[in-house]
Amino acid sequence: MNEKNFEYLRDQLKYTGFGDTLESELKEKMQKEEPNFTLTHNAQYGNDTATATLNFNKSKESDLYFFNSYKVELQKENSKENLEQTFYINKGSNITMKEAYNLMEGRSVNKDLTNKEGEIYNSWVQIDFKQSESNGNFKLNHYHQNYGYDLEAALSKHPIKELETPKYKEDLINSLKKGNLQSATFQKGGNEIKQYIEASPQFKTINIYDNNMKRIDNRKAQEEKQSESQQTSEKQSSKKQNQTADDDGPEVPKEAKKKKKSQSM
């Protein structure tokens, strides 16, 4: 067994989201020197169960093994049928196991990908469940940089408290880029309400859900943001008017008052 090859594959599994639980099994399979083998990884996301089958092939020219792809079977809590999708391992940034789950949930993931020429580009990726490829996979839709989706600008249209603190804002954006359904604090009428949001690059916006995971109309959410901003500006305007009303102008010195009196006489 090639020790360096083993270490490389072990790290590759770790950074693709499979942790170190498969390490001993990987070593055992590589020592057998069979032309190909698979490893199985199970993950639980809430009440959903995801099973990944990892595929490895041995080079025909050397003793090196390659981690080529992994197939995810997703069993959702309220569904009788499994959902399947195969994710391929590339030289660039791979889709992690958690990102694969998020994609199979219908959400979008932002990745730095590598094209056939070896050039790195940034893109949002989303599964199109209405279209299938010849290999049995669902089609992946890509929304590249020039598509014009600005996640930060989409978030700024809503009264989200986390956007006021740079660190919380950064964490929120990074989480959404990984395809997570993220909780956020919405400020409405002086109250703070917890809701859930996800990135929606196709429509250049974000999707918002209440505590019962019911989708909230985006137009309504933006109107609430405008209403919140209007209330804030009205309060500031009212405060300025009160300050003006309480201030009768600079006090006139007594000597100046006397001069004014004598001039009028």
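Start by selecting Ser69: this residue stands opposite Tyr88 in strand 4. The model is predicted, so local features need pLDDT of at least 70 and side-chain atom pairs count only at pLDDT 80 or more, while totals for chains, interfaces and linings use all residues. Residues are numbered from 1 along each chain as its sequence is written, and side-chain values use heavy atoms, leaving out hydrogens and water.

Now select strand 3 (residues 65–75) and strand 4. Six bridges join them, and they run antiparallel. Strands here are DSSP runs of E, at least two residues, and helices are runs of H or I, at least four residues, numbered from the N terminus. Two strands pair if DSSP finds at least two bridges between them.

Four strands form an open, antiparallel sheet in the order 1-2-3-4. Strand 1 (36–45) and strand 4 (83–88) stand at the edges with a single partner strand each, so one side of each has no neighbour in the sheet. From one strand to the next, the twist averages 20 degrees.

**Helices on the sheet**

Select helix 1 (residues 3–18). It lies across strand 1, strand 2 (48–58) and strand 3, at about 25 degrees to strand 3. Angles run from 0 to 180 degrees between N-to-C directions, with axes fitted to C-alpha atoms, for helices over the stretch in contact. Contact means heavy atoms within 4.5 Å.

Then pick helix 3 (residues 97–104). It packs on the sheet and touches strand 1, strand 2, strand 3 and strand 4. Its direction makes about 40 degrees with that of strand 3.

**The largest pocket**

Which residues lie nearest the centre of the largest pocket? Select Tyr88, Asn90, Leu113, Leu140 and His142, from a lining of 19 residues. A pocket is an open set of points on a 1 Å grid over the protein atoms alone, with protein on both sides within 12 Å along at least five of seven lines; lining residues have an atom within 4 Å of a point. Strand 4 gives the most to this lining, with four residues. The lining of the largest pocket draws at least three residues from each of domain 1 (1–105) and domain 2 (122–222); these bounds come from an automatic or database domain assignment.

Finish at Tyr209. Its bridge partner in strand 11 is Arg215. Two bridges join strand 10 (residues 205–209) to strand 11, and the two run antiparallel. Zoom out: four strands form an open, antiparallel sheet in the order 8-9-10-11.

Terms used. On a 1 Å grid over the protein atoms alone, a cavity is a set of points where a 1.4 Å probe fits but cannot get out, and a pocket is an open set with protein on both sides within 12 Å along at least five of seven lines; lining residues have an atom within 4 Å of a point.
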